[in-house]
Structures are given as structure tokens and as C-alpha cells.
Amino acid sequence: GRALLVRFADAETGASWWTPPGGGLQPGEDHLAAAHRELREELDRDGFRLGPWIGRRTHTFWWGRWMTQRERWLLCRAEPFEVDDAHVATLSAERILEVRWWSARALRSSGAVTTPRRLAELLDGIAAGRLPDADGELGA
């Protein structure tokens with residue numbers, strides 16, 4: 001009933017937001033291999049069971065330069081665990097400042113900015129067994 005999210009921050013604007021772990025593809029890498037690598041890098045863990053695919057997202061934003069992300073999202077179910085603060089500190093170069101578990105209810109009541117914006121609603125649907133379409137657009 002909770003999702004593990006990372007908090008990114010833009011030192012230039014002061015903006016911060018919460019989103020699931022993830023990142024870009026390296027040359028020759030497919031989306032599944034990238035997901036395993038990014039989870040290992042950001043959470044310092046391996047061996048996650050990934051799938052099914054639960055949507056896509058395209059978003060253009062300023063990150064020191066204009067960037068367009070084209071994402072594929074996977075569901076990953078795991079028993080709760082903590083990510084070591086010392087490991088999180090190593091992620092500051094990627095502008096990741098925090099990693100924590102969130103319920104949809106806590107996200108809504110906190111007023112935290114999430115990507116996608118309707119992440120709490122997405123989590124509610126998943127918890128109720130309503131998985132999004134693998135090729136559906138998750139929104140900005």
C-alpha cells in the first residue's frame with residue numbers, strides 16, 4: 001500500500017518533487033535492464049521482481065538545459081526496506097536528496113509535488129488491483 005519514492009531538488013529554482021526511482025537508458029541497454037540498474041544505483045539493492053508495465057510518460061523540463069524524458073513505467077512489488085542514509089548522500093550529484101516510503105493518503109495530505117502529478121491516484125488504483133494500461137499515458 002505504499003510506494004518508495006525519491007525526492008529530487010533543483011538548487012537553481014528551489015523546486016523539489018517526489019517520483020519513483022528511475023533514470024535514462026545507457027547505450028545498448030533495454031528498458032528492463034535500465035530499470036534493474038537504476039534500482040541498484042538509487043536504492044543500493046538488487047534482485048527486484050519487475051513487471052508488469054504500467055504506462056508511459058513524456059515530459060519536457062528545464063534541468064540546466066531543456067530535456068525531454070520518454071519513460072516506461074514498471075510495477076515493482078517489494079517488502080518494505082530502508083535505504084541507508086549514507087547511500088542516499090552519495091546520490092546528491094544526481095540531485096536526489098531523500099528516499100522514503102509514501103502512502104497515497106500521505107502524499108495527498110502532505111501537499112508534496114509528485115511526478116506524475118496524479119501519482120497518489122495512480123497508487124490508489126494499483127492498491128485496488130486496477131493496473132494502468134501498459135501503453136497508457138501517465139501524464140506530466
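Trainee: In which sense do strand S1 (residues 2-9) and S5 pair, and over how many bridges?

Mentor: Two strands pair if DSSP finds at least two bridges between them. Strands here are DSSP runs of E with at least two residues, helices are runs of H or I with at least four, and both are numbered from the N terminus. In this structure S1 and S5 pair in the antiparallel sense, over 7 bridges. Within this pairing, Leu-4 has Trp-101 of S5 as its bridge partner.

Trainee: What should be kept in mind about the origin of the model and its numbering?

Mentor: This is a predicted model, in which local features need pLDDT of at least 70 and side-chain atom pairs count only at pLDDT 80 or more, while totals for chains, interfaces and linings use all residues. Residues are numbered from 1 along each chain as its sequence is written, and side-chain values use heavy atoms, with hydrogens and water left out.

Trainee: In what order do the 3 strands of the open sheet stand?

Mentor: The order is S2-S1-S5, with antiparallel pairing. Strand S2 (16-19) and S5 are the edges; each has a single partner strand, so one side of each is left without a neighbour in the sheet. On average, neighbouring strands of this sheet are turned by 30° against each other, direction ignored. For such angles, axes are lines fitted to C-alpha atoms (for helices over the stretch in contact), and angles run from 0 to 180 degrees between N-to-C directions.

Trainee: Which residues is Arg-100 in contact with, leaving aside its neighbours within four places in sequence?

Mentor: Contact means heavy atoms within 4.5 Å. Arg-100, found in strand S5, is in contact with Ala-3, Leu-4, Leu-5 and Trp-18. Between Arg-100 and Trp-18 there are 82 residues in sequence, and the C-alpha to C-alpha separation is 9.4 Å.

Trainee: Is Arg-100 buried, exposed or partly exposed?

Mentor: Buried means under 20% relative accessible area, exposed means over 50%, and partly exposed lies in between (1.4 Å probe, protein chains only). Arg-100 is partly exposed because its relative accessible area is 33%.

Trainee: Which residues of H4 are buried?

Mentor: They are Leu-119, Ala-120, Leu-122, Leu-123, Gly-125 and Ile-126. The buried residues of H4 pack against S1, S3, strand S4 (66-76) and H3. Just after H4, Gly-129 takes a positive phi of about 85°.

Trainee: How many residues lie between S3 and S4 in their hairpin?

Mentor: There are 3 residues between them, and Gly-64 in the turn has a positive phi of about 80°. S3 and S4 run antiparallel and are joined by 10 bridges. Arg-57 stands opposite Glu-71 in S4.

Trainee: Where is Asp-44 found, and what is its phi?

Mentor: Asp-44 is in the loop between helix H1 (31-43) and S3. Its phi is positive, about 60°, although Asp-44 is not a glycine. Asp-44 counts as exposed because its relative accessibility is 53%. Arg-95 also has a positive phi, near 70°, and is a residue other than glycine. Arg-95 lies in the loop between helix H2 (85-89) and strand S5 (96-103). With a relative accessible area of 28%, Arg-95 is partly exposed.

Trainee: What is omega for the cis peptide bond from Gly-51 to Pro-52?

Mentor: Omega there is near 5°, and Pro-52 belongs to strand S3 (residues 50-62). Thr-115 and Pro-116 are also joined by a cis peptide bond, with omega about 0°. Pro-116 is placed in the loop between helix H3 (104-110) and helix H4 (119-127).
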